[in-house]
Amino acid sequence: MENNQPIIIKRVKRFAAGHHGGAWKIAFADFATAMMAFFLVLWLMSTATPEQKIAIAGYFKDPIGFSESGTPFVIDLGGSPQLAPERTINPEVKTEAPQEKIPIERDTVESMAEQVEQERLELLLQELQNKVEENPQLLKFKDQISFEITPEGLRIQITDAANRPMFDSGSARLKPYFEDILLAMADTIKAVPNKISISGHTDAKPYAGQGDFGNWELSANRANAARRALVAGSYPDAQVARVVGFASSQLFDHQDPFNPVNRRIDIVVLTKKAQRAIEGDQPPAPQPTPGAGAPGEVPADPNAIPPGQEPLPAHELRQKLNLFDDGGVKDPTVPKTGS
């Protein structure tokens, strides 16, 4: 008897191991980021001061109240956030009152400013000395140039020499090498903001000439010639506080009034105190009030013409005032001799 039972064959399909997707990696990265942020917040809260915690809480409660504070950041590591009283809606949030500024006395401020200014002048002195040493053109005249710190400021003194005069005899015309000295110093002097004073000096030898031109006018002309040379060397003319002539009233060598070193030009880099005194910023001296003198005495008018002296005509007055040109006296018959 034949067996007619069907034969059933089962074939199992095996799947090879393959890629299951990367969604879990993204989820894990998000989780790690969240945990890092969480621990960062915990660290910030543990290191924040109570004032910073109050400021952070106030910011999240009322961001508008902090919109006009000194910083737009939640945590200001460089300052102290303050609430805007007129904008805040949380009056219960309070911060510590800002500390009052400690007032500094005016004398202390002036003393500190003078100390800084003194250091600046000392640095300028060293720079000028180095310039003289390094410049071969200035090194030849080293014995005629001196520097000194005085109560008025840094004094730069350029003296005459018997064999190397700065000016022609009786003239305000600069010698070429003296112009080079001033031009070389102009750049260094203008590096400081202090103003300068320029003064001219002569020896005691009288000016041999006619008219009203003498050593006073000659010394003033020479000081003004030095000013023009500095301005030509790019020194600002507005930084010149005073140009004055002293004639022979302030001799360098009192033992020998005719010594050539008495003929000199002084350039003083002024301190602020000396500058204020020159420019008249000091309080004016009290003026005598009428009636303060002897009884019945009438105060004299400072603009009154002395008795017996008539006012000069306009053309004569202009001639007498026109004394500060390079030529000094306009009359060609007057010899230009003197200190």
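Biologist: Gly 153 has Leu 270 as its bridge partner in E5. In which sense do E2 and E5 pair, and over how many bridges?

Modeller: This is a predicted model, and what follows should be read with that in mind. E2 and E5 pair in the antiparallel sense, over 7 bridges. The Gly 153–Leu 270 pair belongs to that pairing of E2 with E5.

Biologist: In what order do the strands form the sheet?

Modeller: The order is E1-E2-E5-E3-E4, in an open sheet of 5 strands with mixed pairing. At the edges are strand E1 (145–150) and strand E4 (240–245), each of which pairs on one side only. From one strand to the next, the twist averages 15°.

Biologist: What joins E1 to strand E2?

Modeller: E1 and E2 (residues 153–159) are antiparallel and are joined by 6 bridges. The two strands form a hairpin, with 2 residues between them.

Biologist: How should I read side chains along a strand, and how many residues of E2 are buried?

Modeller: The general idea is that side chains in a regular strand alternate between the two faces of the sheet. In E2, 6 of the 7 residues are buried, so the strand is largely enclosed by the rest of the structure. For the protein as a whole, 31% of its 339 residues count as buried.

Biologist: What links Arg 242 to Ser 197?

Modeller: Their side chains make a polar contact at 3.0 Å. The C-alpha atoms of Arg 242 and Ser 197 are separated by 4.7 Å, although the two residues are 45 residues apart along the chain. For the chain overall, take the contacts with a separation of 6 or more: residues 24 or more positions apart account for 69% of them.

Biologist: Which helix lies across E4 and strand E5?

Modeller: That is helix H7 (residues 272–279), running at about 110° to E5 (264–270). Gln 275 is in helix H7. Its relative accessible area is 11%, so Gln 275 is buried. Leaving aside neighbours within four places in sequence, Gln 275 is in contact with Lys 195 and Leu 270. Leu 270 is also the partner in E5 of Gly 153, the pair you opened with.

Biologist: How do the axes of helix H5 and H6 cross?

Modeller: The angle between the axes is the value to look at, and the crossing of H5 (residues 176–189) and H6 is at roughly 55°, with the axes coming within 8 Å. Angles of 65 to 115 degrees would count as roughly perpendicular and those under 35 as roughly parallel. H5 and H6 are therefore oblique to each other. Their crossing is right-handed.

Biologist: Which residues in H5 and H6 meet?

Modeller: From H5 they are Leu 182, Leu 183 and Ala 186, and these meet Ala 226, Ala 229, Leu 230 and Ala 232 in H6.

Biologist: Ser 219 lies in helix H6 as well. Is Ser 219 buried or exposed?

Modeller: Ser 219 is buried, since its relative accessible area is 0%. A polar atom of its side chain lies 2.9 Å from the backbone oxygen of Trp 216. Beyond residues up to four places away in sequence, Ser 219 touches Gly 200, His 201, Thr 202, Gly 245, Phe 246 and Ala 247. One of these, Gly 245, is also within the residue range of strand E4 (240–245).

Biologist: In what order do the elements run from the N terminus on?

Modeller: The order is α-α-α-α-β-β-α-β-α-β-β-α-α. That covers 8 helices and 5 strands.

Definitions and conventions:
Residues numbered from 1 in each chain as written. Predicted model: local features only at pLDDT ≥ 70, side-chain atom pairs only at ≥ 80, totals over all residues. Heavy atoms only, no water. Pairing = 2+ DSSP bridges. Helix = DSSP H or I, 4+ residues; strand = E, 2+ residues; numbered from the N terminus. Axes fitted to C-alpha atoms, helices over the stretch in contact; angles between N-to-C directions. Contact = heavy atoms within 4.5 Å. Buried < 20%, exposed > 50% of the residue type's maximum accessible area, 1.4 Å probe, protein only. Polar contact = N/O pair within 3.5 Å; in protein donor to acceptor, adjacent residues only side chain to side chain. Parallel < 35°, antiparallel > 145°, perpendicular 65-115°, else oblique. Left-handed = near helix turned anticlockwise from the far one by under 90°.
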